[in-house]
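Here is a walk through one protein model, from its overall build to the place where its parts touch. Keep the structure in view as you read.

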Amino acid sequence: MIFVCDVMLGKLARYLRMLGLDARYVRQGEDIAFFPAPSEGSLFLTKRRGVTSCGRALLIKADDPKEQLLEIKKYIRRHFDPSALMSRCLDCNTLLADIPKEDIEQLVPEYVFHHHERFKTCPSCKKVYWEGSHADEMRAWIDKVIGNR
Ligand SMILES: [Zn+2]
């Protein structure tokens with residue numbers, strides 16, 4: 001499942017990526033036609049009423065991104081894979097790659113370097129992630145969204 005989030009749902013897209021889900025973000029002025037179609041397994045999430053042109057659009061009612069997440073928990077539960085946690089860049093959705101600790105010494109705060117062993121990097125935007133960089137916030141959300149299924 002590819003979650004396609006419209007321009008008003010940027011934070012929701014980040015949360016979905018945090019959960020390891022494939023979440024594309026449609027920027028202002030970008031044509032939805034360039035994003036995967038429902039026939040290719042996408043679900044278009046929008047806050048704009050009347051966006052029905054792509055066939056499978058879901059209207060998101062809440063303004064708070066965490067509540068938005070709960071609105072679509074049915075879909076999240078169906079596609080959530082615990083092994084995919086911390087697998088995507090929050091900024092650009094690219095799949096992260098492992099990077100040896102010695103290669104990132106200059107790229108992260110000293111404290112982080114000394115207190116973490118495993119690091120990942122985004123091949124596209126070069127952002128560096130480590131266990132804990134979004135894991136704590138994430139766990140609370142997994143319990144709430146995915147928990148007790
Ligand atoms: Zn990135």
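Begin with the whole. This is a predicted model. The protein chain holds five helices and seven strands. Read from the N terminus, its elements follow the order β-α-β-β-β-α-α-β-α-β-β-α. Along the principal axes, the C-alpha atoms fill a box of roughly 50 × 35 × 25 Å. The radius of gyration is 16 Å. A compact globule of 149 residues would have a value near 15 Å, so the two agree. Of the 149 residues, 25% count as buried. Contacts also reach along the sequence: among those between residues at least 6 apart, 53% join residues at least 24 apart.

Now find the sheet. Four strands form an open sheet in the order E2-E1-E3-E4, and their pairing is parallel. Strand E2 (22–25) and strand E4 (57–59) stand at the edges. Each has a single partner strand, so one side of each lacks a neighbour in the sheet. From one strand to the next, the twist averages 25°.

Look next at one pair within this sheet. Strand E1 covers residues 2–5, and strand E3 covers residues 42–46. They pair in the parallel sense over four bridges.

Move on to helix H1. This helix spans residues 10–18. H1 lies across E1, E2 and E3, and runs at about 160° to E2. Which residues of H1 are buried? They are Leu12, Ala13, Tyr15, Leu16, Arg17 and Met18. Here a residue counts as buried if 20 or more other C-beta atoms lie within 10 Å of its own. Just after H1 comes glycine 20, which takes a positive phi of about 90°.

Finally, step back to the domains. The chain is divided into domain 1 (2–84) and domain 2 (87–133). Their C-alpha centres lie 25 Å apart. Where they touch, domain 1 gives eight residues and domain 2 gives four residues. Which elements give two or more residues to the side of domain 1 that touches domain 2? They are H1 and E2. The residues on that side of domain 1 divide into three nonpolar, one polar and four charged.

Terms used. Residues numbered from 1 in each chain as written. Predicted model: local features only at pLDDT ≥ 70, side-chain atom pairs only at ≥ 80, totals over all residues. Buried ≥ 20, exposed ≤ 12 C-beta atoms within 10 Å, placed from the backbone. Pairing = 2+ DSSP bridges. Axes fitted to C-alpha atoms, helices over the stretch in contact; angles between N-to-C directions. Contact = placed C-beta atoms within 7 Å. Domains from an automatic or database assignment. Nonpolar A, V, L, I, M, F, W, Y, C, P; charged D, E, K, R; others polar. Rg over C-alpha atoms; globule rule 2.2 N^0.38 Å.
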